Amino acid sequence: MQFLIINGPNLNMLSIREPAIYGSMTYDDLVASCLTWCQDVGVDGKCFQSNHEGAIVDRIQQAYFDKVDGIVMNPAAYTHTSVAILDALKATGIPTVEVHISDVHTREAFRHHSYVSLAAVKTIIGHGVQGYQEGIAWLADYLRAQSKA
């Protein structure tokens with residue numbers, strides 16, 4: 001099984017941007033952790049980060065042709081604005097878990113709406129970087145159950 005972990009804008013600035021909200025883990029540490037968590041559940045993981053909406057759309061579309069089984073995605077600010085990312089997820093039909101480090105529902109009102117959640121099979125909010133681990137494990141279990149059904 002192959003998973004793609006996609007991170008949106010400013011996540012490359014982890015440990016620098018608002019550490020009180022996002023924590024002290026660096027982006028490189030997050031990538032290493034995600035790859036380990038994928039291995040722990042028997043999944044081949046690859047990570048991708050971009051500050052550019054079109055690059056994220058392109059990567060989601062490429063995941064379809066690469067036969068990626070699942071996506072774990074923190075769309076960051078594009079959560080609240082990107083119909084293009086929503087449409088790419090819907091077009092590919094790749095099961096996607098949406099992850100947010102912070103609890104977006106306790107932040108500014110504009111962060112309360114998620115376009116990505118309209119295509120996600122699960123959303124994990126406010127569990128810090130551990131939310132990625134939860135999302136990876138949940139998606140692996142979900143896909144294994146789907147293959148037996």
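Biologist: Between which two elements is the loop that holds Lys67?

Modeller: In this predicted model, local features need pLDDT of at least 70 and side-chain atom pairs count only at pLDDT 80 or more, while totals for chains, interfaces and linings use all residues. Residues are numbered from 1 along each chain as its sequence is written, and side-chain values use heavy atoms, with hydrogens and water left out. Helices (H or I, at least four residues) and strands (E, at least two) are DSSP runs, numbered from the N terminus. The loop with Lys67 lies between α3 (53-65) and β3 (70-74).

Biologist: Is Lys67 buried or exposed?

Modeller: Buried means under 20% relative accessible area, exposed over 50% and partly exposed in between (1.4 Å probe, protein chains only). The relative accessible area of Lys67 is 63%, so Lys67 is exposed.

Biologist: At what angle do the axes of α2 and α5 cross?

Modeller: Axes are lines fitted to C-alpha atoms, for helices over the stretch in contact, and angles run from 0 to 180 degrees between N-to-C directions. The axes of α2 (residues 27-40) and α5 (residues 130-148) come within 9 Å of each other. They cross at roughly 25 degrees.

Biologist: How many nonpolar, polar and charged residues make up the contact of α2 with α5?

Modeller: Leu30, Cys34, Trp37 and Cys38 in α2 meet Gln130, Tyr132, Gln133 and Ile136 in α5. Ala, Val, Leu, Ile, Met, Phe, Trp, Tyr, Cys and Pro count as nonpolar, Asp, Glu, Lys and Arg as charged, and the others, Gly among them, as polar. The contact therefore has six nonpolar, two polar and no charged residues.

Biologist: What is the order of the elements in the protein?

Modeller: The protein has five helices and five strands. From the N terminus on, the order is β-α-α-β-α-β-α-β-β-α.

Notes: Contact means heavy atoms within 4.5 Å.
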